[in-house]
Amino acid sequence: MIYKKRTMPNELKALLSLDKRLPNNHMKKHEVKKNLLICQAGYNGELEFDAHIAEFQPDYPHAILHDLYLRQDGAYFQIDSLVITPSSITVVEVKNHKDKTVIKANPTQFIRVFQNGDRKPMRNPYIEIDRKIHFLKNWLNIRGIQIPIDGLLIFAHTNELSIEHPSPEMKTIFTYEAPAHFRSLPMNEHILDGHAIHNLATAMLEHHKDYNPFPLADLYAIAPEDITPGVICPSCDRPGMRWGREKWNCPSCGHAGKTEHQQTVQDWFMLIKPQMTNREFRYFTQLNNRNVARSLLAKSGLQLIGERKAAHYVLMKELTPSP
Ligand SMILES: [Zn+2]
């Protein structure tokens, strides 16, 4: 049973929004575009895995959690997918890049071979997965759970892979092989029963925290004033919608609607800073009227804090500290 579905990661949402709002001639444009493509490819690879793992429906109790972000020993660790069965837990790491990957032995090396033949070593994903297994083991230990944890490295089916390693230290397969891999898992010892698996998956959900890279302007050292303001039209993707006759109107394509500023507000929090004043709202939506701004802000699902000059808005969920 799937306990946690995958949704578009915050980082990808924010990069999509930053890319729309960063002028083509900006010095950080290339870096933002590059990371956007990496992030998008990673997410697509993970979705591909999710589609295949949906076929895995064993008759024993099990739990699947996608995109889990937990904290242990003061460090956060992110797991692409976690599969819990009665006799083991598998930490799945999904890779997706368009270049060929060569896995060599002695020492284990991951090499990316680009289309022009250039070769570049990449971070060894086995070490990344081992780090996650280490933290997960400690996370389980303090809850009194001892169970074997396996790592599984998975490449999207379109990746070209050459394993020159005679015995890779971790199982390495393609996404389409995942259901067969999990079906063939040995069920030697029943360490967790259905009830224990349910409790464990539920505890993981309770401790999960969405990874939050906001605001992206800080992360990329981009001056907030370089980020193009304006309400972006959902129909033609251009900024510059104008408020008139109680709705937002697009001068480019004629689309009109009442809620388009909500995405603009989200963009502000993702890109610029975790608070927003009435004046900042007017700047970022390019709206002149303070009272219209106040009434739109009141309907944006935000929390108003402070009074008069100190008044500002924050996202509702920011007020609820994570467990
Ligand atoms: Zn438009």
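The charged end of arginine 143 is placed over the ring of tryptophan 139, 3.6 Å from the ring centre; such an arrangement requires NZ of Lys or CZ of Arg within 6 Å of the ring centre and within 35 degrees of the ring normal. The model is predicted, so that local features need pLDDT of at least 70 and side-chain atom pairs count only at pLDDT 80 or more, while totals for chains, interfaces and linings use all residues. Residues are numbered from 1 along each chain as its sequence is written, and side-chain values use heavy atoms, with hydrogens and water left out.

Aromatic pairs (rings of Phe, Tyr and Trp, the last by its six-membered ring, with centres within 6.5 Å; stacked if the planes are under 30 degrees apart, edge-to-face if over 60, otherwise tilted) number nine. Tyrosine 69 and tyrosine 76 are stacked, at 5.1 Å centre to centre and 10° between the planes. Ring pairs also join Tyr69, Tyr76 and Tyr211 into a cluster.

The zinc ion is coordinated at 2.3 Å by the SG atoms of Cys233, Cys236, Cys250 and Cys253, donors being N, O and S atoms within 2.8 Å of the metal (3.2 Å for Na, K and Ca); water is not among the atoms, so sites may look incomplete. The spacing of the donor residues in sequence is C-x2-C-x13-C-x2-C. Cysteine 250 is buried at 7% relative accessible area, whereas cysteine 253 is partly exposed at 38% (buried means under 20%, exposed over 50% and partly exposed in between, with a 1.4 Å probe and protein chains only).
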